[in-house]
Amino acid sequence: MTITAIIVAAGRGTRAGAGQPKQYRPLAGRAVLNHSIRAVLADPRVTQALVVIHPDDLAAYHDAVADLSDDRIMAPVFGGETRSASVLNGLDAATGEFVLIHDGARPLLDAARLGDLIDAVLAHGAAFLALPVTDAIWDVVDGVAQSALPRDTIWRAQTPQGFNRNTITAAYKTATGPAADDVAIAMAAGLDVTPVHGSERNIKITQAQDFDLAEKLMGRTMDIRVGNGFDVHKFGPGSHVVLCGVHIPHDMGLLGHSDADVAMHAVTDAIFGALAKGDIGQWFPPSDPQWKGAASDIFLRKAMSVAAQDGFRVNHIDCTLICEMPKIGPHATAMRTALAEITGIDMERISVKATTSEKLGFTGRGEGIAASATATLVAI
Ligand code: MG
């Protein structure tokens with residue numbers, strides 16, 4: 001017995017706001033679609049997972065599933081103009097004896113309900129998760145309630161919806177016109193479909209506020225990351241140094257491939273460190289001539305954009321410069337202002353301070369400047 005889970009994720013999802021389709025937006029640190037795929041793989045009886053995506057989303061799909069190594073995940077297939085066309089493309093690529101068709105925007109399917117559904121599909125040939133309606137249901141016309149509908153027999157459909165693959169494929173091939181869901185397609189072909197009690201948690205993310213609800217339902221603990229960065233640059237001939245983007249007159253300059261802004265490099269590395277995304281040298285190799293003499297704000301801006309892409313907000317930066325000269329104190333406010341402008345973080349959340357090393361070591365001998373930084377990132 002083989003079961004293919006078909007995860008339908010080809011929609012544009014514009015109602016949830018923001019630029020990218022909702023199934024690729026982060027939820028508790030992972031793309032919504034990543035959660036939905038994990039959810040259908042929670043039952044070992046599922047032998048394949050096949051995601052139907054929009055052709056424009058191939059890169060977003062690969063990003064979304066990058067941390068999933070389950071060999072039951074098949075190559076994605078492209079969807080069509082309508083949900084029905086997308087499901088049919090998935091059915092054509094599936095090989096399981098049974099299929100479970102699941103919305104890519106239902107990340108909170110739990111393993112127990114999935115197990116109940118599979119039991120029912122194997123027993124009856126066609127079944128779907130649903131919930132009996134408990135609220136009163138009213139027919140409303142022009143903003144005025146008209147009549148109460150009998151709710152005793154009304155269920156709200158969820159997904160997955162499971163079928164014998166050949167049977168539902170044949171039903172799709174004979175279907176005419178739009179259908180509410182796969183149950184409607186099956187019923188139009190004369191199949192009996194059994195509802196199985198789903199869960200209130202198994203919401204479909206449609207609106208922007210559904211992300212907040214989903215996170216609450218996940219009982220999510222806050223994902224807070226603290227990263228540190230450290231950098232050293234050596235003094236050489238010059239008339240000023242650049243620290244946190246601020247030019248400070250000095251009788252020496254700092255040597256480096258870029259503008260040698262040791263403080264901004266440490267801050268940038270602290271952010272990359274919190275994200276576990278390597279370091280400044282990996283993102284901007286010193287061997288690449290395009291960074292020669294570059295103003296270091298481009299490095300920090302890159303780290304900020306990687307943080308945003310990964311679903312994190314930089315909440316706080318603390319940078320300590322270690323040198324005997326130049327004196328940092330008189331410039332600390334300007335440095336905080338510069339970092340605030342580059343990062344968009346409130347200046348009250350940015351600290352720049354300095355220490356000497358009591359004339360000990362290379363900083364004590366005035367051979368260079370060291371900088372140490374900490375950044376705190378919060379998942380959004
Ligand atoms: Mg450096």
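Metal donors here are N, O and S atoms within 2.8 Å of the metal (3.2 Å for Na, K and Ca), and water is not among the atoms, so sites may look incomplete. With that in mind, the protein donors of the magnesium ion are Asp-231 (OD), His-233 (NE2) and His-265 (ND1). This is a predicted model, where local features need pLDDT of at least 70, side-chain atom pairs count only at pLDDT 80 or more, and totals for chains, interfaces and linings use all residues. Residues are numbered from 1 along each chain as its sequence is written, and side-chain values use heavy atoms, with hydrogens and water left out.

**Magnesium site**
- The three donor residues lie 2.0 to 2.3 Å from the magnesium ion.
- Along the sequence, the donor spacing reads D-x1-H-x31-H.
- Asp-231 is buried, at a relative accessible area of 18%; buried means under 20%, exposed over 50%, and partly exposed in between (1.4 Å probe, protein chains only).
- His-233 is buried too, with a relative accessible area of 11%.

**The sheet**
- Helices (H or I, at least four residues) and strands (E, at least two) are DSSP runs, numbered from the N terminus.
- Two strands pair if DSSP finds at least two bridges between them.
- Seven strands make an open sheet in the order 5-4-1-6-10-7-11, and the pairing is mixed.
- Strand 5 (77-78) and strand 11 (194-197) are the edge strands, each pairing on one side only.
- Strand 7 (residues 126-132) runs antiparallel to strand 10 (residues 155-164), with six bridges between them.
- Within that pair, Ala-127 has Gly-162 of strand 10 as its bridge partner.

- Strand 1 is largely enclosed by the rest of the structure, because seven of its seven residues are buried.
- In a regular strand the side chains alternate between the two faces of the sheet.
- Here, Ile-3, Ala-5, Ile-7 and Ala-9 point one way, while Thr-4, Ile-6 and Val-8 point the other.
- Strand 1 pairs in the parallel sense with strand 6 over six bridges, and Ile-7 stands opposite His-102 in strand 6.
- Strand 4 is also a parallel partner of strand 1, again over six bridges, and there Thr-4 sits opposite Gln-48.

**Helices on the sheet**
- Contact means heavy atoms within 4.5 Å.
- Axes are lines fitted to C-alpha atoms, for helices over the stretch in contact, and angles run from 0 to 180 degrees between N-to-C directions.
- Helix 1 (residues 32-40) lies across strand 1 (3-9), strand 4 (48-53) and strand 6 (98-103), running at about 165° to strand 1.
- Helix 5 packs on the sheet as well, touching strand 6 and strand 10, and its direction makes about 115° with that of strand 10.

**Helix 3 against helix 5**
- The axes of helix 3 (residues 83-93) and helix 5 (residues 165-174) come within 10 Å and cross at roughly 145°.
- On the helix 3 side, the contact residues are Arg-83, Ser-84, Val-87, Leu-88, Leu-91 and Asp-92.
- They meet Arg-165, Ile-168, Thr-169, Tyr-172 and Lys-173 in helix 5.

**Ala-179**
- Ala-179 sits in the loop between helix 5 and helix 6 (182-188).
- Ala-179 is partly exposed, with a relative accessible area of 32%.
- Not counting residues up to four places away in sequence, Ala-179 touches Ala-184 and Ile-185.
- The C-alpha atoms of Ala-179 and Ser-84 are separated by 7.6 Å, although the two residues are 95 apart along the chain.
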